[in-house]
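My plan is to look things up one at a time and write down what I find.

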Amino acid sequence: MNKKLVMIPILLVIIALIGYLFFYGKPTSFPNNAQAIKAMNELYAEANVGIISDVIPLDSRHVFVPFISGDNLYGMSFWVWDRFQWKLGRIDTRGEPYIWKINERDASTHYIVWNMDPKDELRELKYYLIGERDFHSSASLETYIPRIQIEKTISLQKKNYGVLPFPKEWAELVNRNLRLSKANQPPSLFQMNTPSSTMYVGWIPYGELGKVVFPENTVNGSSFDSDGINLDFVRILNEVELEIPK
């Protein structure tokens with residue numbers, strides 16, 4: 001009986017260790033281009049991937065791969081290390097910006113990703129973190145929350161795809177907003193970029209001479225999600241929605 005009691009915790013430790021290694025084992029090298037293209041086309045033949053533009057690790061377990069299809073579409077794929085292998089979680093045949101949230105609750109692990117179609121002739125992108133004004137009043141306290149508008153400009157002169165980690169200032173503000181929202185709203189309502197949220201990320205695409213251009217080719221396409229990649233949309237803005245300091 002004593003031997004059995006001793007063996008139980010040992011077996012539990014072994015099972016826990018095997019489970020940890022199975023789900024979180026150290027990632028191996030990412031597949032080469034030929035292997036990655038084959039995996040994408042087998043999973044979603046409509047993508048018709050022809051050329052991989054780049055392989056961009058976000059961390060040791062998440063990789064962003066922009067590509068060009070045989071139909072000359074500029075798409076994106078999202079890969080995750082899971083259970084001793086690299087898994088293809090999602091393929092898009094369009095390249096409009098998305099926020100890839102590695103950890104939903106920590107904005108320092110959020111990345112904006114994109115792959116713009118050159119046919120749209122874009123020169124730069126401007127991303128904005130925007131927090132709307134808000135006012136709360138109770139019997140003993142009145143709280144005013146000022147507007148937040150922080151701009152980040154990305155040039156497309158050298159390459160039309162990219163990854164933007166949330167800047168530190170953005171991450172701190174978003175995390176604070178999530179904490180405050182969580183304290184005052186049910187869990188389904190405190191995610192950023194939802195209709196109920198007062199904070200969101202938007203973008204404006206610009207062409208020649210600083211003219212706003214609607215990226216018709218970039219935003220049209222299809223997608224296939226196979227493994228629950230946590231993506232959030234990035235709202236396209238009009239310049240009239242911005243506040244210009246006087």
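**Entry 1: a hairpin to begin with.** I started at strand 9 and strand 10, which a hairpin of four residues joins. I noted that this is a predicted model. Strand 9 covers residues 134-137 and pairs with strand 10 in the antiparallel sense, over four bridges. Within that pairing I found histidine 136 opposite threonine 143 of strand 10.

Entry 2: I moved on from strand 10 (142-145). Arginine 147 sits in the loop between that strand and strand 11 (148-155). Is arginine 147 buried or exposed? I looked up its relative accessibility, which is 16%, so arginine 147 counts as buried; the cut-off is under 20%. Next I checked the partners of its side chain. It makes a polar contact with the side chain of glutamate 132, at 3.2 Å. A polar atom of the arginine 147 side chain also lies 3.2 Å from the backbone oxygen of glutamate 241. Leaving out residues up to four places away in sequence, arginine 147 touches Ile130, Gly131, Glu132, Arg133, Glu241, Leu242 and Glu243.

**Entry 3: the whole protein.** I stepped back for the totals. I counted four helices and 16 strands. The protein has 246 residues, and 42% of them count as buried. The accessible surface is about 14100 Å², with 56% belonging to carbon and sulfur atoms. I also looked at contacts with a separation of 6 or more. Residues 24 or more positions apart account for 60% of these.

Entry 4: Which strands form the open sheet, and in what order? I read the order as 11-8-13-16, four strands with mixed pairing. Strand 11 and strand 16 (235-236) are the edges, each pairing on one side only. I then looked at strand 8 (residues 124-131) and strand 13 (residues 199-206), which pair in the antiparallel sense over eight bridges. Glutamate 124 has tyrosine 206 in strand 13 as its bridge partner.

**Entry 5: strand 3.** I checked how covered strand 3 (residues 62-69) is, and eight of its eight residues are buried. In a regular strand, side chains alternate between the two faces of the sheet. I sorted the residues here by direction. His62, Phe64, Pro66 and Ile68 point one way, Val63, Val65, Phe67 and Ser69 point the other way, and all are buried.

Then I listed the partners of strand 3.

- Strand 1 (residues 49-52) pairs with strand 3 in the antiparallel sense over three bridges. Isoleucine 51 stands opposite isoleucine 68.
- Strand 2 (residues 56-59) runs antiparallel to strand 3, with three bridges. Proline 57 stands opposite valine 63. A hairpin of two residues joins strand 2 to strand 3.
- Strand 4 (residues 74-82) pairs with strand 3 in the antiparallel sense over seven bridges. Phenylalanine 67 stands opposite glycine 75. The hairpin has four residues between the strands, and asparagine 72 in it takes a positive phi near 65°.

**Entry 6: nonpolar cores.** I looked up the largest nonpolar core, which has 24 residues; Ile112, Trp114, Leu125 and Tyr127 touch the most other members. The elements giving two or more residues to this core are strand 7 (110-115), strand 8, strand 11, helix 3 (168-184) and strand 13. Which element gives the largest share? Helix 3 does, with five residues. I also noted a second, separate core of 16 residues, including Phe30, Ile37, Ile52 and Val63.

**Entry 7: aromatic pairs.** How many aromatic pairs does the structure hold? I found eight. For tryptophan 114 and tyrosine 127, the ring centres are 5.4 Å apart and the planes are at 45°, so the pair is tilted. Tryptophan 114 is in strand 7 and tyrosine 127 in strand 8, so the pair ties together parts that are 13 residues apart in sequence. Both tryptophan 114 and tyrosine 127 are buried.

I checked phenylalanine 166 and tryptophan 170 next. Their ring centres are 5.5 Å apart with planes at 75°, so this pair is edge-to-face. Phenylalanine 166 and tryptophan 170 are both buried.

Definitions and conventions: Residues are numbered from 1 along each chain as its sequence is written. This is a predicted model: local features need pLDDT of at least 70, side-chain atom pairs count only at pLDDT 80 or more; totals for chains, interfaces and linings use all residues. Side-chain values use heavy atoms; hydrogens and water are left out. Buried means under 20% relative accessible area, exposed over 50%, partly exposed in between (1.4 Å probe, protein chains only). Contact means heavy atoms within 4.5 Å. Accessible areas come from the Shrake-Rupley method with a 1.4 Å probe; for residues, only the protein chains shown count as cover. A polar contact is a pair of N or O atoms within 3.5 Å; within protein, one must be able to donate a hydrogen and the other to accept it, and residues adjacent in sequence count only if both atoms are side-chain atoms. Two strands pair if DSSP finds at least two bridges between them. A nonpolar core is a set of buried Ala, Val, Leu, Ile, Met, Phe, Trp, Tyr and Cys residues joined through side-chain atoms within 4.5 Å. Rings of Phe, Tyr and Trp (its six-membered ring) pair if their centres lie within 6.5 Å; planes under 30 degrees apart count as stacked, over 60 as edge-to-face and the rest as tilted.
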